[in-house]
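User: Can you walk me through this one? I'd like to start with a local detail and then get to the ligand.

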Amino acid sequence: MPAAASQAAVPATRAYRTQVARVVRLSPHFMRVTVTDEALADFGPQGVEATTRRTGLPAWDQRIKIFLPREGGTFPDLGLFADPPPSLMEWYTAWRQLPGAEQNPIRTYTVRAIRPLDREVDIDFVLHEERTGSMGPAASWAASARPGDELVVIGPDRRSEEPGGGIEWNPGTAREVMLAGDETAAPAICSILESLAVSDEAGVFFGEAYLEVPTSGDVLEVKPPAGVVVRWLPREDSPMGELLSAAVRDWGRRRQIIFEARRAAWAPGLARVGAPAGSGEHRELSPEEPVWEVADPEGFREYAWLAGEAGVITRLRRHLVKEIGLSRKQVSFMGYWKTGRAGA
Ligand SMILES: Cc1cc2nc3c(=O)[nH]c(=O)nc-3n(C[C@H](O)[C@H](O)[C@H](O)COP(=O)(O)OP(=O)(O)OC[C@H]3O[C@@H](n4cnc5c(N)ncnc54)[C@H](O)[C@@H]3O)c2cc1C
């Protein structure tokens, strides 16, 4: 078969039948689970070459689906490992048609690190049940994971010629960035910052990253690019999202001051700087709409990336677009979970 034909046959995403290699309690509310499988040699964003063992691959905010075992440790047979593998639509339809008792939990997570030469992927799980009292299957699986346990991961195959999707970080022309998220977004924010830091453009990005985490013990190690300041916000007894909202509002206030100064100095270049408060194209989401919009900030200087609890993130986005005046094209916002609702 010609090389081109065999390349085209590699699907953008595929299922990996992984085993837990290691489990490390990073902090009171973060558990790092490292999974391994020979096929993870090919895991990663499309077209990215394997690098050294030390650096691994830039993972950005690459999302994955994890298939958790049913009670008793079994998985339903969805033909995930067939050749050719089923499309996302095919396996998801098959999964939805299973009787409730036969369905296994599926959840969405972020890849914290990809090490193809070691055939390993890290996933950082928030142990949220310890705080909320509700036992989610994914968090409780991670809390009791042991080496050798099986986890099916649906993620990108970097040999594919089709883009695998699942990376929402997209600053376009913007070089001033603001990232904000809660603990579920901490793996994505840390991974974005570390991917930026090893990129060819590491030196041109500047800005701030805000991470609200449950306690001061949950502040994690991260290596951002030199121009991006990371501010951890331990929630302790504050309501969810309060510290994050205050930090984003403070960023907005400081931005307004800078904006006014720039306007005074460079009035003709205004469109490139941003827009005055109240001019953003704000639209309220209906309750049925997904809390998810990916920005396309071509032509803009600033880019905001927000992820976490859906209600908190919706309010942050409303503030940035309605009150601060950022364009919707400058703000990516993603509801990673919703209070009182199980994920998928
Ligand atoms: C693109 C994407 C990437 C994500 N990346 C990560 C990641 O890297 N690490 C990570 O830990 N999570 C991540 N999440 C969030 C994760 O998918 C949800 O928290 C998920 O609901 C956890 O599943 P569960 O089975 O533990 O709980 P579920 O069964 O889904 O939920 C049970 C209950 O717990 C509540 N709940 C869920 N999460 C939390 C929480 N964090 N704090 C308080 N209450 C909660 C729910 O509202 C529900 O009432 C990501 C989500 C998305 C969409």
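**Backbone and ligand site**

Analyst: Arg119 sits in the loop between strand 5 (113–115) and strand 6; strands (E, at least two residues) and helices (H or I, at least four) are DSSP runs, numbered from the N terminus. This is a predicted model, where local features need pLDDT of at least 70, side-chain atom pairs count only at pLDDT 80 or more, and totals for chains, interfaces and linings use all residues. Residues are numbered from 1 along each chain as its sequence is written, and side-chain values use heavy atoms, with hydrogens and water left out.

User: What is phi of Arg119 near?

Analyst: Phi of Arg119 is near 60°, a positive value in a residue other than glycine. Most residues other than glycine have a negative phi, and most peptide bonds are trans.

User: Which residues does a cis peptide bond join?

Analyst: Asp83 and Pro84, with omega about 0°. Pro84 is in the loop between strand 3 (63–67) and helix 2 (88–96).

User: OK, ligand. Which residues come nearest?

Analyst: Thr108, Val126, His128, Lys338 and Gly343, out of 26 residues around the ligand; a residue counts if one of its heavy atoms lies within 4 Å.

User: How far is a backbone N or O atom of Thr108 from an oxygen atom of the ligand?

Analyst: 2.7 Å for Thr108. For a backbone N or O atom of Ala138 the distance to a ligand oxygen is 2.8 Å, and for a polar backbone atom of Gly343 it is 2.6 Å.

User: How much of the ligand does the protein bury?

Analyst: The protein buries 92% of the 920 Å² that the ligand exposes alone (Shrake-Rupley method, 1.4 Å probe).

User: Which strand gives the largest share of the shell?

Analyst: Strand 4, with four residues. Strand 4 (106–110), strand 6 (120–126), helix 4 (137–143) and strand 13 (331–337) each supply at least two.

Note on methods
A polar contact is a pair of N or O atoms within 3.5 Å; within protein, one must be able to donate a hydrogen and the other to accept it, and residues adjacent in sequence count only if both atoms are side-chain atoms.
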